Amino acid sequence: MKASKLAGKGVKSLSAGGKSPAATGLRQRKRQETRERLARAAMTLFLQRGFEATTIDDIAAAADVSRRSFFHYFASKEDVVAAWQEGAASALVAEIVARPADESMLTAAENAIAAAVKRLDPAEAAAMARLKRDNPALQARDQLKYEKIERALADGLAQRARTKSDRQKARLVAMIAAGAMRVGGESWIGEGAREKPEAFVKRTFDAIRAILK
């Protein structure tokens, strides 16, 4: 059918610079797919070869994109590792907000963290933890991760608060919970990552309660 006939049937044409919502949505999905493919390729290579031995060219080749395309999505190899952890903070907030209202803040934080780590692949999580432990640049990024997690926990717990005192308590519980994740994670790796992560979370929070008694 000719364009003139389509126009006569009420089909709107796009201007030269315009894009339909469907085209925009498709482009965004393709970008997200490419980003995820780069992240998966990078993580596989990091775990196989090591972080330092893996080059950006290696990652781009494994993901079937150009080196230039890599920099459209990530500024560095360290950023790829950070992307692996994207969404952790927002997921924690969602988990905390969804907890029953009668749970204490500490219990809500524990259950939210346990639910989050339960979705991880233990072998992959352990390998990633070792990778970060052995690389100073990644260690620095990991510390920033815990700062973000602490803020996310505080935000989520604050939504449960009813008084000014509760809001202060939310910040303190978030600090304790984030510290528990950091120390617990290091202990979990140090013990060979033999225990399920969610079981280790429970043991860590049991230790916190014993201290607070």
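User: Which word describes aspartate 134, buried or exposed?
Analyst: Aspartate 134 has a relative accessible area of 56%, where buried means under 20%, exposed over 50% and partly exposed in between (1.4 Å probe, protein chains only). This is a predicted model, in which local features need pLDDT of at least 70 and side-chain atom pairs count only at pLDDT 80 or more, while totals for chains, interfaces and linings use all residues. Residues are numbered from 1 along each chain as its sequence is written, and side-chain values use heavy atoms, leaving out hydrogens and water. With its 56%, aspartate 134 is therefore exposed.

User: Which residue meets aspartate 134 in a salt bridge?
Analyst: The bridge (a side-chain nitrogen of Lys or Arg within 4 Å of a carboxyl oxygen of Asp or Glu) has an N to O distance of 3.3 Å.

User: How far apart are the closest N and O atoms of aspartate 57 and arginine 67?
Analyst: Aspartate 57 lies in helix α3 (residues 56-62) and arginine 67 in helix α4 (residues 67-73), so the pair links distant parts of the chain, ten residues apart; helices are DSSP runs of H or I, at least four residues. Aspartate 57 is partly exposed at 42% relative accessible area, and arginine 67 is partly exposed at 42%. Their salt bridge brings the closest N and O atoms to a separation of 3.2 Å.

User: Which residue joins Glu191 and Arg203 in a network of salt bridges?
Analyst: Glutamate 191 and arginine 203 form a salt bridge, with the closest N and O atoms 3.3 Å apart. Because glutamate 191 lies in the loop between α10 and α11 and arginine 203 in helix α11, the pair ties together parts that are twelve residues apart in sequence. Glutamate 191 counts as partly exposed at 36% relative accessibility, as does arginine 203 at 41%. The network that links these two also includes Glu195.

Conventions: Helices (H or I, at least four residues) and strands (E, at least two) are DSSP runs, numbered from the N terminus.
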